[in-house]
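Reader: Can you walk me through the ligand site on this one? I'd like to know what sits where before I set anything up.

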Amino acid sequence: MDNYQEKKLFTPGPLGVSNEVKEAMLRDFGSRDSEFIAIVKEVREEILKIAGVSSEIYTTVLLQGSGTFAVESVFQTVQPDSNGRGLILSNGAYGNRMKKICDVARIPADILEFPEDGELQLSLLQETLRRSAYVLVAVVHCETSSGIINPVEEIGSLVKSVLPGAMFFVDAMSSFGAIPIDFEAGHIDFLVTSANKCLQGVPGFGVVLAKRRVLFQCRGRSKSLSMDLVDQYEGLEKNGQFRFTPPTHALLAFQRALQELSAEGGIRSRAERYKKNSLIVLSGMRDLGFKTLLTVEKQGAIITSFLYPTHPNFNFDEFYRRLSNLGQLIYPGKVTKTDSFRIGNIGHLFPPDMRYLIKCIERTLHEMCIPIPIK
Ligand SMILES: *Cc1c(COP(=O)(O)O)cnc(C)c1O
């Protein structure tokens, strides 16, 4: 334990968290402990406040597992019967994963795909919605594979204007807590995030915001017991407990993480910090000669994809390993058509961390005998 190296995570998750968040976990709780039950209730209410929605209209359901489990739980819970189909909009790996979840679970769904470095074309969506009466439309907010931000409010209002009865589901895994989302304007029925992205808790559970009326309509549809959000909701409401072993330590960390978000000044202040982080990386990397996958207008502040340099000495695995030895963890790319790597700006990262990362990247390029500015 003494000689482990502290690493800074410039990744899309898991993310670094504060020492205080880690220290909050130094207590054991039983699942029926009244203090623990009060913490679960508190964080469920706090999430609604962060989202800016009323507890009469929305509720928070927490579900054990990583973010993908929570995405899958929404599809399981709302799944259309044999006459209904879902539509998934995709411009990247996380949109494609939604389709895969539906395929594996045999939930009828179509995918409307757009280029990984491009925007969703709303005119095409409109045409598609007019042609088929989808009962569910799903989209990713920040497509973490590239860093592009999709306009969920616009998409949601378009969906409801063409198909008023359709449900609208947003995967806001890597954006909730750092990009304000207008639930009313977007007519959002379900939104999913995780404890360990911009909310800066530790991994262990997903967070689902659900419109109560719509959630209750879904009672009995799920073909999975553990992923049934109606059942999970009813457990949490009845006695405040999770149905199955709760992630007690992760919830203690989460309570602390939400207090830190509030102390930082809420979503807008956190967004500003991430924006500052991202601008330091963008200008530092540009000075070194790196190019971004996305154009400036499309680039969000959550994560940035950079193209591989063309110099023959560049080898991503070596670049990654050298940076890791300096305590700096970056992430491989996730777009399929272009060789790229990613630098995340989210989590417990501050401007000095970003400046130090750029220094380490410069040093690593020198060590790899790649002239700066790179080509
Ligand atoms: C991180 C992430 C997920 C979930 O990933 P897990 O590895 O299951 O936590 C889903 N969607 C998006 C957009 C993400 O960024």
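**Around the ligand**

Author: Start with Gly67: one of its backbone N or O atoms lies 3.0 Å from an oxygen atom of the ligand. A note first: this is a predicted model, where local features need pLDDT of at least 70, side-chain atom pairs count only at pLDDT 80 or more, and totals for chains, interfaces and linings use all residues. Residues are numbered from 1 along each chain as its sequence is written, and side-chain values use heavy atoms, with hydrogens and water left out.

Reader: How do the residues of the shell around the ligand divide?

Author: The surrounding residues include Tyr94, Arg97, Met173 and Lys197. Ala, Val, Leu, Ile, Met, Phe, Trp, Tyr, Cys and Pro count as nonpolar, Asp, Glu, Lys and Arg as charged, and the others, Gly among them, as polar. That gives four nonpolar, five polar and three charged.

Reader: Is Ser145 buried or exposed?

Author: Ser145 is in the loop between β6 (142-143) and β7 (148-149); strands here are DSSP runs (E, at least two residues), numbered from the N terminus. Its side chain reaches the backbone nitrogen of Ala93 at 3.3 Å. Buried means under 20% relative accessible area (1.4 Å probe, protein chains only). Ser145 has 2% relative accessibility, so it counts as buried.

Definitions and conventions: A residue is near a molecule or strand if one of its heavy atoms lies within 4 Å of it. A polar contact is a pair of N or O atoms within 3.5 Å; within protein, one must be able to donate a hydrogen and the other to accept it, and residues adjacent in sequence count only if both atoms are side-chain atoms. Helices (H or I, at least four residues) and strands (E, at least two) are DSSP runs, numbered from the N terminus. Buried means under 20% relative accessible area, exposed over 50%, partly exposed in between (1.4 Å probe, protein chains only).
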